[in-house]
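Please prepare a briefing for a reader who is meeting this structure for the first time, with the points grouped by topic.

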Amino acid sequence: MHQSNFIQQLPKVELHLHIEGTLEPEMMFELAQRNQITLPFTSPEEVQAAYEFTNLQSFLDIYYQGANVLINEQDFYDLTYAYLTRCHKDNVIHSEIFFDPQTHTERGIPFDTVINGIHRALQDGCEEFGITSRIIMCFLRHLDEESAFTSLGQALEHKDKIIGVGLDSSELGHPPEKFTRVFAKAREEGFLTVAHAGEEGPVTNIHDSLELLKVSRIDHGVRCVDDADLVDYLAKTRMPLTVCPLSNTKLKVFDQMQDHNIVELLRKGLCVTINSDDPAYFGGYMTDNFLAVDKSHGLTWEELAQFTLNAIEASFVSREEKLELTAKLDAFMAD
Ligand SMILES: [Zn+2]
């Protein structure tokens, strides 16, 4: 089997995916038309051309603008369902997706509209493609603690649909401690916790996410290499890092894929995983991310499969479901 066929067919598990970040320019236009919203672009090609980012903030500015076309439950359904068709094509067997309620509630869209559309699509996707999933609600860290508490309150009615809470948006200037109390309350309510840390921000944000927010996974975390003791700790405890290679090069966290440290971390025994983050904006879904890492670093089939094994280990599903996911990977590898 050719390497690229192996990568395409390899069963994959995604743990770091913002559903709003799967809004393709074509769908942005379709929804703008459906909801009679005027976009500051005249064509999908023009949107694509605007996706030249210099850093995280330059991406976020255009990302929030794009999300304005999402109004009704059906819009969130269509967005999520389109993502699942991509997953199906890429042989993603399980996905844990983020959504940002504040991006929508701040502009008057009810929390229920958002969660119900996403959840219904995930149920249909499971039935039609066999893709299992979980939902994680993220707080926008550039907003204040009070706003995060409001979102948490709204999430309580949907505990059956939301497995955990996370922290995303602008890392610089918005350290984890800003949300210590919100996360404590979330854990008290039974939510698992994750946080974006050590992407653009300093390694201290990784330490603080572990200690103050008591996270079960670090999203990104690539700046851990600035602290050798932390790298050892992450390897020893198998604390997962949900790494997003194409996102990292697109946002200049690394100049080029050859400079990315994900393979170095994998070989040091860390529980690193490959994810697509905001694939509509960063140039690729899961298979594209695997291909990009392999092209620059040259991976064995065992190493490629290890990324899936790590993701299964790091996932928020039950022991039984982990065994089922592992069985799918084993069946593929035995072939
Ligand atoms: Zn992210």
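**A buried charged pair and its surroundings**

E96 counts as buried because its relative accessibility is 0%, where buried means under 20% relative accessible area, exposed means over 50% and partly exposed lies in between, with a 1.4 Å probe and protein chains only. The model is predicted, so that local features need pLDDT of at least 70 and side-chain atom pairs count only at pLDDT 80 or more, whereas totals for chains, interfaces and linings use all residues. Residues are numbered from 1 along each chain as its sequence is written, and side-chain values use heavy atoms, with hydrogens and water left out.

**Salt bridges**

- E96 forms a salt bridge with R217, with the closest N and O atoms 2.9 Å apart; a salt bridge is a side-chain nitrogen of Lys or Arg within 4 Å of a carboxyl oxygen of Asp or Glu.
- This pair links distant parts of the chain, since E96 lies in strand β2 (residues 92-99) and R217 in strand β6 (residues 217-220), 121 residues apart; helices (H or I, at least four residues) and strands (E, at least two) are DSSP runs, numbered from the N terminus.
- R217 also counts as buried, because its relative accessibility is 0%.
- R86 forms a salt bridge with E24, and the closest N and O atoms of this pair are 3.6 Å apart.
- R86 counts as partly exposed at 33% relative accessibility, whereas E24, at 16%, counts as buried.
- K185 forms a salt bridge with E189, the closest N and O atoms being 3.2 Å apart; K185 is partly exposed at 32% relative accessibility, and E189 is partly exposed at 22%.
- R34, D75 and D78 are linked to one another in a network of salt bridges, and a search of the whole structure finds 14 salt bridges.

**Packing of two helices**

- Helix α5 packs with helix α7 (residues 111-129) at an angle of about 35 degrees, and their axes are 7 Å apart; axes are lines fitted to C-alpha atoms, for helices over the stretch in contact, and angles run from 0 to 180 degrees between N-to-C directions.

**Positive phi values in loops**

- N91 has a phi near 60 degrees, a positive value in a residue other than glycine; N91 sits in the loop between α5 and β2 and is partly exposed, with a relative accessible area of 29%.
- S169 has a phi near 80 degrees, again a positive value in a residue other than glycine; S169 is found in the loop between β4 (164-168) and α9 (180-188) and is buried, with a relative accessible area of 8%.
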